Amino acid sequence: MAGNTGIANPWAGALGPKVKPQPITKTWRNDRDPTRRRATFGVSYPLWEITIEKSADSHTKLPARFGTTKRRSVPGVRFHLPVPNLIFSDVDFHECKFHWPDAQGESKIVASTFKNCTFERCMLGGTLFRHVTFEGSTFLRCDLGASEFSECQFVDCVFTECTAENASFVATEVDPTALLKGMPAPSYNYEKPIPEGEATAAQVEADWIEVRRKLAAQLLRSNADIHHTRYSDRGLYELKRAEVKARFEALRAHPLKEGVARLPLRAMQVFAAWAVLHATKGGTSLSRLFLAAMFIVALYAFLLSNSHVTFMNQTCYLNSFEPSLVLQQLARATALFLAIGYTAFSGGTLATVLLTAAASLGLFWYALVAAVVIHRVYR
């Protein structure tokens, strides 16, 4: 009974389990996953099934651990996990399927733990995971599409080239950055010539912008439900980044959608959204704003020292670098940036325009700080 991965048969010989997998009566048309939009495209559907009804079944129904790595290798089987409180540790799952419909047509895995496990090209889609913990696990080219993760935990997990289209996350702890980083568009399935009528790689890349935006919204709401502030902040940043990406692509694909006259305004709106995203890390970070303020104040101090602008009828020209004079100039620049002493500055027409623009930038900075503070207070 060979697995799907082409490795040495772990079901026979010294590593073979006492209880062999059971054959599955084939009721499906395809032998392999036919959906190119899934990371598991082309993976053979398992023909053998293992039912785990207690954690001790791992010792009798799964291949033994390798002597050197102390890990189990389980290739090409479908798992039926009908009971809760199962524990799997140090197991490498290769091309396995975890979707097993019951009499009501539902596939569920409840209150189980996967610790230090590897899932390589496994099918986890279409399943309800409730109170399931994945700790220190790695997911490589796995599909989680249309699954629901309810009150689950992903602790220190790594995702690489996975798909999770239409997946749902409810009150689940998961790092949004780690998950979305490992969920690129499945362009690796579009490298060979595509049959006529199928979407192209470019079309899928475009579709995936909206897929990632929806997934980011799910992750934000999921972590907010359990009041995980750090992951909630990351979720908000990822959502804002996905929204900016979607707006940019919409502008690039349809620049004249609202007419030529509105094109500059739409471009400015996208640029402003991009600037706010990176200035505040999606509305979650004050440190970037204060670093920006320090840089701008120093820049204003330099510009004032090389101008004919006066402050309370005193020239702002700096003719030496004495500490007291430098501090005085920085104080003037701070007053201008914070729009506190704007009326104390005077100059020509051009200087007035520049002073007004400088103070306006400070007011915009105020608005960004207020938005971040409000988010941090009410998150």
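With which residue does Arg-252 form a salt bridge, and how far apart are the closest N and O atoms?

Mentor: Residues are numbered from 1 along each chain as its sequence is written, and the model is a predicted one, in which local features need pLDDT of at least 70 and side-chain atom pairs count only at pLDDT 80 or more, while totals for chains, interfaces and linings use all residues. Side-chain values use heavy atoms, with hydrogens and water left out.

The partner of Arg-252 is Glu-249, and their closest N and O atoms are 2.6 Å apart. The term salt bridge is used here for a side-chain nitrogen of Lys or Arg within 4 Å of a carboxyl oxygen of Asp or Glu. Both Arg-252 and Glu-249 belong to helix 4, where three residues, about one turn of the helix, separate them. Helices (H or I, at least four residues) and strands (E, at least two) are DSSP runs, numbered from the N terminus.

The side chains of Asp-175 and Arg-234 meet in a salt bridge, with 2.5 Å from N to O. This pair joins distant parts of the chain, as Asp-175 lies in the loop between strand 16 (168–170) and helix 2 (176–181), while Arg-234 lies in helix 4 (residues 229–253), 59 residues apart. Asp-175 is buried because its relative accessible area is 15%, and Arg-234, at 30% relative accessibility, counts as partly exposed.

The loop between helix 3 (201–225) and helix 4 contains His-228. With a relative accessible area of 18%, His-228 is buried. Once residues up to four places away in sequence are set aside, His-228 touches Glu-173 and Asn-223, a contact being heavy atoms within 4.5 Å.

Further salt bridges are found elsewhere, and the structure holds 17 of them. One of them brings the side chains of Asp-33 and Arg-38 together at 2.8 Å, N to O. Asp-33 is buried at 3% relative accessibility, and Arg-38 is partly exposed at 27%. Arg-37, Glu-165 and Asp-207 are joined in a network of salt bridges.

Arginine side chains also meet aromatic rings. The charged end of Arg-36 sits over the ring of Tyr-190, 5.8 Å from its centre, and that of Arg-141 sits over the ring of Tyr-188, 3.8 Å from its centre. A charge sits over a ring if NZ of Lys or CZ of Arg is within 6 Å of the ring centre and within 35 degrees of the ring normal.

Aromatic rings also pair with each other. Rings of Phe, Tyr and Trp (its six-membered ring) pair if their centres lie within 6.5 Å; planes under 30 degrees apart count as stacked, over 60 as edge-to-face and the rest as tilted. By this rule there are 30 aromatic pairs. In one of them, Phe-119 and Phe-139 have ring centres 4.9 Å apart and planes at 5°, so this pair is stacked. Phe-119 belongs to strand 9 (residues 118–120) and Phe-139 to strand 12 (residues 138–140), so that the pair links distant parts of the chain, 20 residues apart. Phe-119 counts as buried at 0% relative accessibility, and Phe-139 is likewise buried, with a relative accessible area of 0%. For Phe-149 and Phe-154, the ring centres are 5.4 Å apart and the planes stand at 65°, so the pair is edge-to-face. Both Phe-149 and Phe-154 are buried.

A phenylalanine in another setting is Phe-302, found in helix 6 (residues 287–305). At 53% relative accessibility, Phe-302 counts as exposed.

Ser-89 is placed in strand 5 (residues 87–89) and is partly exposed, with a relative accessible area of 26%. Apart from neighbours within four places in sequence, Ser-89 is in contact with Arg-65, Lys-115 and Cys-117. The C-alpha atoms of Ser-89 and Ala-171 are separated by 24 Å, the two residues being 82 residues apart along the chain.

How values were computed
Buried < 20%, exposed > 50% of the residue type's maximum accessible area, 1.4 Å probe, protein only.
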